[in-house]
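Subject: Structure for your files

Hello,

Here is the structure I said I would send. My notes on it follow below.

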Amino acid sequence: MSRILEVSNLHKYFGGVRAVQGVSLTLAEGTVVGLIGPNGSGKTTLLNVIAGVLKPTTGIVTLGGRRIDGMAPHQVVAEGVAKTHQIPKPLLTMTCRENVAVGVMFGRRRERHPENALKEADRVLAVVRMEAKANVLASNLTVQERKRLEFARVLGTGASILLLDEIFAGLSPSELRESIALFTDVQKKMGFGALVVEHVMRAVLTLSANVVVIEEGTKIAEGTPREVVENPAVIEAYLGVEETHAPS
Ligand SMILES: Nc1ncnc2c1ncn2[C@@H]1O[C@H](COP(=O)(O)OP(=O)(O)OP(=O)(O)O)[C@@H](O)[C@H]1O
Ligand SMILES: [Mg+2]
């Protein structure tokens, strides 16, 4: 049975900065939910709280009915929830296959044997079409390749819920098409759930069954991609314009 990640009335304050203010959302394993909002609206903070990197000020996060807020990041990963970094943070002096193998060894699978972990890493790198980079040092990757390595690292952990922070940012139109197709293909095959934070609207709208919109830490809309793009509050948050009225 698929488990559900449930975020309830979550608040996260940094001193006087109210980064997240009462956000609730649900995500079932096997489904993709988009999370959008203007710069500084609290998206990364929300992912960091779910991943255990930050403790919520108040609010609850459960997975399959079990509380995971308050767990350390490695415990959350062991529960099957893994997050990419908005700014990729590979282990620079290690190769791509070694980077992914670390996720295999210290993630949900807890593979004890480095040889097996490296084999699994090769399999994952092939899934994300990075096999040609397997033996390249992470320090020699482009920014885009580092983003794809982040994706491979979370897959390597064996997570069933992925928290993806802008993995499609900065791609050319043709790279974006290729990346969206790859993501869709891998998601269908592996069946993970994903909370996809993205500014690239085309990616969010194509990939997500549902989209949550936050502005200044507060959820302002939720629904199908079509519903949210037609929502006046969302249009105003993005374009900063008053609702227009047709001339009478
Ligand atoms: N560690 C921190 N200490 C203090 N303030 C922080 C910290 N992390 C984030 N903030 C603030 O919290 C707010 C939300 O930031 P966050 O990075 O979550 O936004 P975001 O939606 O991910 O933005 P972007 O789209 O630019 O990535 C911002 O005002 C930010 O400056
Ligand atoms: Mg962010």
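Two strands count as paired if DSSP finds at least two bridges between them, and helices (H or I, at least four residues) and strands (E, at least two) are DSSP runs numbered from the N terminus. This is a predicted model, in which local features need pLDDT of at least 70 and side-chain atom pairs count only at pLDDT 80 or more, while totals for chains, interfaces and linings use all residues. Residues are numbered from 1 along each chain as its sequence is written, and chains are lettered from A and ligands numbered from 1 in the order in which they are written.

Strand pairing: S7 (residues 161-165) and S8 (residues 193-197) run parallel and share five bridges. Isoleucine 161 has glycine 193 in S8 as its bridge partner.

Both strands belong to an open sheet of six strands with mixed pairing, in the order S6-S7-S8-S3-S9-S10. At its edges are S6 (81-83) and S10 (218-223), each of which pairs on one side only. From one strand to the next the twist averages 15° (axes are lines fitted to C-alpha atoms, for helices over the stretch in contact, and angles run from 0 to 180 degrees between N-to-C directions).

Overall, the protein chain has nine helices and 10 strands. Its radius of gyration, 18 Å, is close to the 18 Å that the globule rule gives for 248 residues, so the chain is as compact as a globular protein of that length (the radius is taken over C-alpha atoms; the rule is 2.2 Å times the number of residues to the power 0.38). Along the principal axes, the C-alpha atoms fill a box of roughly 70 × 40 × 35 Å.

Regards
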